[in-house]
Structure formats: structure tokens, C-alpha cells
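Come along and keep the view open beside you.

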Amino acid sequence: MSQTNHEVTITQQPALIQCDFEKAKAYLAERLQEYQGVIFTEDTKADAKKTVAELRKEKKAFEDRVKEVKKEYMKPFEVFHGQAQELIEMYEQPITFINTQVADFERKRVAERQEYIKNLYNEFICDMAEVLPLSRIYNEKWENATTSKKAICDEIIGWRDEARNAINAIKGMHSEAEEKALAIYMDTLDLSKAMLHISQYEAQKQEIMAREQERLRQEEQERIRREERAKLEAEQRAIEAERRAQEEKEAALRQAEAETEAAVAAAREEAAQEVIDSLIAMGDGVANLYEYRLSMTDEQKEKLELYLNSVGIDWEMI
């Protein structure tokens with residue numbers, strides 16, 4: 001295949017276009033100077049309109065001439081441009097043909113490289129294929145002819161080992177959130193996000209457990225307080241019952257004593273009456289003098305004196 005290069009040579013000579021620019025500029029400057037500071041009135045309005053029309057006519061004539069000059073000036077360029085475009089299209093024909101061949105060759109090479117990468121992946125991914133499908137870790141630079149087998153192997157092995165270590169780290173936490181954390185890692189391949197989920201779960205769990213323990217502690221304290229109140233109330237009821245029983249016992253004793261005293265008093269009265277009756281019945285006998293030393297209270301003394309007087313016994317205080 002010939003490698004001879006050819007550079008197309010283009011020569012150009014400047015065309016000459018002349019115009020009395022300076023004279024035209026002086027004319028227009030003079031006209032501008034003429035009308036600067038002029039205030040138009042109703043009387044001068046017609047002249048002003050006429051002047052504007054003349055200037056516009058001159059401007060249009062100049063613009064039309066510029067277009068004619070440009071058209072004439074561009075005629076040789078148009079001829080040149082058409083021939084140059086034909087040459088450009090001829091350049092494109094071998095470029096397209098060669099590029100097509102190169103592209104076909106490159107597609108074939110890339111397809112072979114992709115199959116080669118797939119085989120390397122199957123060889124080295126091992127137990128991480130489910131976590132790391134080839135499409136997920138695929139690096140387009142592996143398709144480059146300059147990328148070595150070792151570089152591709154190292155990268156696949158790096159992905160594999162990193163995923164394996166991450167999964168072992170998550171499982172090593174022995175957390176109830178392990179399943180969700182593994183799902184997060186498999187979705188993002190970001191160990192920090194998975195570990196953050198576990199940390200947040202464990203912190204929340206500890207908080208819930210702390211609240212539950214506090215609730216149980218408060219319930220236990222309330223139970224103890226209820227038992228203490230119940231015990232105190234029971235003791236108070238027992239004391240009250242004992243007090244009432246004691247009062248009832250004392251009342252019964254007082255009633256029994258009262259009944260006993262009443263019975264004794266009744267018996268004494270009955271016995272005294274019998275004595276009186278017997279003394280009265282024997283009042284006709286001989287009276288004798290008797291002396292007694294008695295120990296009595298004032299009340300008993302008073303009752304005895306009344307009794308002696310009632311039965312007619314003579315007595316005197318010694």
C-alpha cells in the first residue's frame with residue numbers, strides 16, 4: 001500500500017477594489033455638521049423630509065454598488081470553492097473505506113477482548129458472582145489492547161476480595177439487622193452505608209431496651225409501693241381491729257364488773273334485809289353490849305350508821 005502523501009497547493013492574489021472613502025466621509029461629515037443644532041419647524045419640515053429622502057437614495061445607491069462589487073469579487077471564489085468541494089469529497093472516499101475496515105477490525109478485536117474478559121471473570125470471581133455480576137464491575141478500559149491480563153485479573157480479584165471481606169464484616173456484627181445490611185451492601189457496594197444501618201439499628205435497639213427497662217423498673221417500684229401501702233393498710237386494720245377488740249373486751253369487763261357489783265349489791269341488800277328481819281324478829285330479847293373495831297370508808301361508815309339506826313340498835317362513837 002502506497003504511503004505517499006500529497007499536500008494540495010493553493011495560491012491567491014489580492015484583488016483590487018477602489019473607493020473614494022475619504023471624499024465620501026468628508027461629504028457626510030459636512031452634511032451632519034450642517035444639520036447639527038438645527039430645530040425644525042412647520043415651515044422647514046418639508047425641506048427636512050426632502051433632505052432625508054435624498055440621503056436615503058444616496059445610501060441605497062451605495063449599498064447596491066457594494067453588493068455588485070461583492071458579487072463580482074466572489075465569482076472566482078465560487079468557481080474555486082466548487083472545485084475544492086469536489087476534491088474534499090474525493091478525500092472522503094478513501095477515508096471512509098479505510099475507516100470502515102478499521103472499525104470492522106476494531107469491533108472484532110473488542111468482541112474477542114470481551115470474551116477474554118468474560119473468561120477471566122469466570123475464572124477469578126469465584127463465590128462472589130451473585131454479588132458482583134460482570135456488568136456491575138465491568139471497566140471499559142479492559143477492552144484496550146494496552147490493558148494487560150494481570151491488570152484485569154488484579155481488578156477482578158480486588159472487587160472479589162473487597163466484597164467477600166465486606167460481607168464477612170457485616171455477618172461478624174451478629175446483628176438482627178444483618179439481612180437488611182447485606183441488602184444495602186449488595187445494592188450499593190458501600191460497606192460504610194451497611195455498617196451505618198447496623199449502628200443505627202443497634203442504637204435504636206438499645207434505646208428501646210433502655211426505655212423498656214425503665215418501664216419495668218417503674219412498674220416494679222409501683223408494685224413495691226402498692227405492696228407497702230397494702231401492708232401498711234393491713235397493719236393499720238390489724239391495729240384498729242385489735243384496738244376495737246380491746247375496747248370491746250374492756251367494755252365487756254366493765255359490763256361484767258358492773259353486773260357483778262350489781263349482783264353483789266343486790267345480794268348484800270337481800271342479805272342485809274334478812275339480817276334486819278331477823279334482828280327485828282328477835283328484838284324482844286335481852287340487849288347486850290358489843291364492841292367492834294371496823295375498817296371502813298366514810299361512805300361505808302355512813303351506811304352502817306343508817307343501818308344501825310334503822311334496826312333500832314343503840315350505838316355511839318368511841
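My entries below go from helix to helix, with stops at a few single residues.

**Before starting**

I noted that this is a predicted model.

**Entry 1: helix α1**

I started with α1, which covers residues 21–35. I counted 15 residues in α1, and its first and last C-alpha atoms lie 21 Å apart, close to the 21 Å expected at 1.5 Å a residue. After α1 comes Gly-37, and I read a positive phi for Gly-37, near 80 degrees.

I also picked out Lys-25, a residue of helix α1. Is Lys-25 buried or exposed? Its relative accessibility is 53%, so I put Lys-25 down as exposed, the cut-off being over 50%. Then I checked Lys-25 against Arg-113, which is 88 residues away along the chain, and found 73 Å between their C-alpha atoms.

**Entry 2: α1 beside α2**

Next I turned to α2, which spans residues 45–124. At what angle do the axes of α1 and α2 cross? I found roughly 160 degrees, with the axes coming within 13 Å. That makes α1 roughly antiparallel to α2, because angles over 145 degrees count that way. I noted the crossing of α1 past α2 as left-handed.

Which residues meet here? On the α1 side I listed Phe-21, Tyr-27, Arg-31 and Tyr-35, and on the α2 side Thr-51, Leu-55, Glu-58 and Phe-62. Sorted by class, this contact of α1 with α2 has five nonpolar residues, one polar and two charged.

**Entry 3: Arg-109**

Staying in helix α2, I stopped at Arg-109. I wrote Arg-109 down as buried, because its relative accessibility is 19% and the cut-off is under 20%. What does Arg-109 touch, leaving aside its neighbours within four places in sequence? I found Glu-143, Asn-144 and Ala-145 in contact with Arg-109.

**Entry 4: α2 beside α4**

Then I looked at how α2 packs with α4. Their axes are 10 Å apart, at an angle of about 45 degrees. I therefore wrote α2 and α4 down as oblique to each other. The crossing of α2 and α4 is right-handed.

From α2, I listed Arg-113, Tyr-116, Ile-117, Leu-120, Tyr-121 and Phe-124 at the meeting with α4. Their partners in α4 are Lys-149, Ile-152, Cys-153, Ile-156, Ile-157 and Arg-160. By class, I have nine nonpolar and three charged residues in the contact of α2 with α4, and no polar ones.

**Entry 5: two positive phi values**

I reminded myself that most residues other than glycine have a negative phi. Cys-126 is not a glycine, yet I read a positive phi for Cys-126, near 55 degrees. Where is Cys-126? I found Cys-126 in the loop between α2 and α3, the latter being residues 134–137. With 46% relative accessibility, Cys-126 counts as partly exposed.

His-174 is another entry of this kind, with a positive phi of about 50 degrees although it is not a glycine. I placed His-174 in the loop between α4 and α5, just after α4. His-174 is exposed, with a relative accessible area of 72%.

**Entry 6: helix α4**

Back to α4 itself, which runs over residues 149–172. I counted 24 residues there, with 34 Å from the first C-alpha to the last, close to the 34 Å expected at 1.5 Å a residue.

Which residues of α4 are buried? My list is Ile-152, Cys-153, Ile-156, Arg-160, Ala-163, Ala-166, Ile-167 and Ile-170.

**Entry 7: α4 beside α5**

My last stop was α5, residues 178–188. The axes of α4 and α5 come within 9 Å and cross at roughly 160 degrees. That makes α4 roughly antiparallel to α5. I noted a right-handed crossing for α4 and α5.

In this contact, α4 brings Glu-162, Ala-163, Ala-166, Ile-167, Ile-170 and Lys-171, and α5 brings Glu-178, Ala-181, Leu-182 and Tyr-185. I sorted the residues of the contact of α4 with α5 into seven nonpolar, no polar and three charged. Among the α4 residues here, Ala-163, Ala-166, Ile-167 and Ile-170 were already on my buried list.

Key: Residues numbered from 1 in each chain as written. Predicted model: local features only at pLDDT ≥ 70, side-chain atom pairs only at ≥ 80, totals over all residues. Heavy atoms only, no water. Axes fitted to C-alpha atoms, helices over the stretch in contact; angles between N-to-C directions. Helix = DSSP H or I, 4+ residues; strand = E, 2+ residues; numbered from the N terminus. Parallel < 35°, antiparallel > 145°, perpendicular 65-115°, else oblique. Left-handed = near helix turned anticlockwise from the far one by under 90°. Contact = heavy atoms within 4.5 Å. Nonpolar A, V, L, I, M, F, W, Y, C, P; charged D, E, K, R; others polar. Buried < 20%, exposed > 50% of the residue type's maximum accessible area, 1.4 Å probe, protein only. Expected span 1.5 Å × (residues − 1).
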